[in-house]
Amino acid sequence: MKILKTAACFSIVASIAALVASSALAQEARPWLCRDKPVFSYDRSMEYQATASPGRQWRIFFMQYSPDAAHDGFNIVNSREISSHGDPVSGNLTAGRYFAVALYRQGGHWICPDYTHDDRDPKLGEVSNLCYGEDGPPCLVKLRVTGEHTPSPPAP
């Protein structure tokens, strides 16, 4: 009888552990699975600024290709939550080649956007000027990457 109670307790604990583990995995962002990742590169350090339209939770990921990386050949080298209040998030990237993708949260899952567009203007010193949308325009997330210490253009 004691063996049956122990087995029942073990079974319950194992079921709860499996349920918790599957819930945690469902909420893990996997940006390396997004296809058609925008690529940009620069031979010096870069600055980036990302903004999101209010209403949805977004996270930006910067990845570099490496043949020995665990995630389909990609290493996540930087990741930031983008404020849903329209406040910009900024940071620096070292020189190199990057793949950038913004994922949004829907329910308990992170979703790859269907729309990405690069509208860079080399005259303004932009390395990349990316736009992300759920299914198409409008741009819900904007990512602007410039060479470090490049002056920003005047606000319109």
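Me: Quick one before we start: what does partly exposed mean here?
Reply: Buried is under 20% relative accessible area and exposed is over 50%; partly exposed lies in between. Keep in mind that this is a predicted model.

Me: Good. Where does Cys139 fall, then?
Reply: Cys139 has 29% relative accessibility, so it counts as partly exposed.

Me: And which cysteine is Cys139 bonded to?
Reply: Cys131. The two form a disulfide, with their sulfur atoms 1.7 Å apart.

Me: Is Cys131 buried or exposed?
Reply: Buried. Its relative accessibility is 5%.

Me: What's the handedness of that link?
Reply: The torsion about the S-S bond of Cys131 and Cys139 is about -110 degrees, so this disulfide is left-handed.

Me: Remind me, what kind of bond is a disulfide?
Reply: A covalent one, between the sulfur atoms of two cysteines.

Me: How many disulfides does the structure hold?
Reply: Two. Cys34 and Cys112 also form one, and their sulfur atoms are 1.9 Å apart.

Me: Which hand does the link of Cys34 and Cys112 have?
Reply: Left-handed, with -80 degrees about the S-S bond.

Me: What does that pair tie together?
Reply: Parts that are 78 residues apart in sequence. Cys34 sits in the loop between α1 (2-26) and β1 (39-42). Cys112 sits in the loop between β7 (109-111) and β8 (115-118).

Me: Cys34: buried or exposed?
Reply: Buried, at 2% relative accessibility.

Me: What pattern do the disulfides follow along the chain?
Reply: Counting bonded cysteines along the chain, the pattern is 1-2, 3-4.

Me: New topic. How many residues of strand β10 are buried?
Reply: Six of its seven. Strand β10 covers residues 141-147 and is mostly covered.

Me: How many bridges join β2 to β10?
Reply: Seven. Strand β2 spans residues 46-52 and runs antiparallel to β10.

Me: Which residue of β10 is the bridge partner of Ala50?
Reply: Leu143.

Me: And β9, in what sense does that strand pair with β10?
Reply: Antiparallel, over six bridges. Strand β9 holds residues 126-133.

Me: What stands opposite Glu126?
Reply: Thr146, in β10.

Me: Last thing: where do side chains point in a regular strand?
Reply: They alternate between the two faces of the sheet.

Notes:
Residues numbered from 1 in each chain as written. Predicted model: local features only at pLDDT ≥ 70, side-chain atom pairs only at ≥ 80, totals over all residues. Heavy atoms only, no water. Disulfide = S-S within 2.5 Å. Helix = DSSP H or I, 4+ residues; strand = E, 2+ residues; numbered from the N terminus. Buried < 20%, exposed > 50% of the residue type's maximum accessible area, 1.4 Å probe, protein only. Pairing = 2+ DSSP bridges.
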